[in-house]
Amino acid sequence: MRVDHRTARGFTLIEMLVAITILAIIALISWRGLDAVARSREAVSAEIASQRSLQTVFAQLDGDLRFVARDPAAATRLPGLLIEDGNLALLRQAPSVETGALRYQLVRYLVRDRALIRQTRSVTTPAEIQQVLAANDWPDAVEQVLAHDIADFRLRVWTAAGWADPTTDNATALATALSLPTLMQPGGTTDLSGAGVEVRVTMTDGQQFVRALLVRG
């Protein structure tokens, strides 16, 4: 059988160029789709991590406010808290792990370098409380980073008149309520029902998260 080579033909240069162009377009579309999926996964992962860190923040705050030490001599039903310049300080009861004996800790929440930080320092006397609070830095405190990408950390206190911003002039009546207790004893008769703190956390991307926490000292 004889083959007529004159009838056999391959792809022309134009056909090859068209095929290559089509393959390049398909590859580009596929790459963009995969890139979009990867970016979406990264965004979702970052959002989940942010949500988890904020859950840690609110859970830790709830735990600290649960054990706020009270001053039975205070004229107000609010517990002793100190809120200024976006920072929160409180005196909490902290039973010793080794002996179970009651001890006290100063706890402070502050934003530094876009991170929300919790500092704790054990204290034993009222004089030591005042000394620690007077210092801007707590070099001997235990420090824990609770969340990153924090732009702002704000707090309000619940009173009989509603939520009050302790940093404004209108809240000067809360001076007693917002002072840390001068006594180191828990105090057995102070009624803390209805006392609360509203926490507002603003992320660097503009998202805001608000949680109202009861103070159950």
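**Salt bridges and burial**

Reply: The side chains of Arg92 and Asp64 form a salt bridge, 2.6 Å from N to O. Arg92 belongs to strand β2 (residues 87-95) and Asp64 to helix α1 (residues 13-66), and the two are 28 residues apart. Helices (H or I, at least four residues) and strands (E, at least two) are DSSP runs, numbered from the N terminus. The model is predicted: local features need pLDDT of at least 70 and side-chain atom pairs pLDDT 80 or more, while totals for chains, interfaces and linings use all residues. Residues are numbered from 1 along each chain as its sequence is written, and side-chain values use heavy atoms, with hydrogens and water left out.

Me: Why is the pair Arg92 and Asp64 called a salt bridge?

Reply: The term requires a side-chain nitrogen of Lys or Arg within 4 Å of a carboxyl oxygen of Asp or Glu. The N to O distance between Arg92 and Asp64 is 2.6 Å, so the pair qualifies. Asp64 and Arg92 are also linked with Arg118 in a network of salt bridges.

Me: How many salt bridges does this rule give?

Reply: The count is nine. Among them is Arg112 with Glu143, whose closest N and O atoms are 2.5 Å apart. Arg112 is in strand β3 (residues 102-112) and Glu143 in strand β5 (residues 142-148), 31 residues apart.

Me: What makes Arg112 partly exposed?

Reply: Buried means under 20% relative accessible area and exposed over 50%, with partly exposed in between (1.4 Å probe, protein chains only). Arg112 has 35%, so it counts as partly exposed. Glu143 has 40% and therefore gets the label partly exposed.

Me: Which parts of the chain does the pair Arg156 and Glu198 tie together?

Reply: Arg156 and Glu198 form a salt bridge with closest N and O atoms 2.8 Å apart. Arg156 lies in strand β6 (residues 150-159) and Glu198 in strand β8 (residues 196-203), so the pair ties together parts 42 residues apart in sequence.

Me: Is Glu198 buried or exposed?

Reply: Glu198 has 10% relative accessibility, so it counts as buried. Arg156, at 29%, is therefore partly exposed.

Me: Why is Glu128 called buried?

Reply: Its relative accessibility is 19%, so Glu128 counts as buried. Glu128 is placed in helix α2 (residues 126-134).

Me: What joins the side chains of Glu128 and Arg121?

Reply: A polar contact of 2.8 Å joins them. The term means a pair of N or O atoms within 3.5 Å; within protein, one must be able to donate a hydrogen and the other to accept it, and residues adjacent in sequence count only if both atoms are side-chain atoms.
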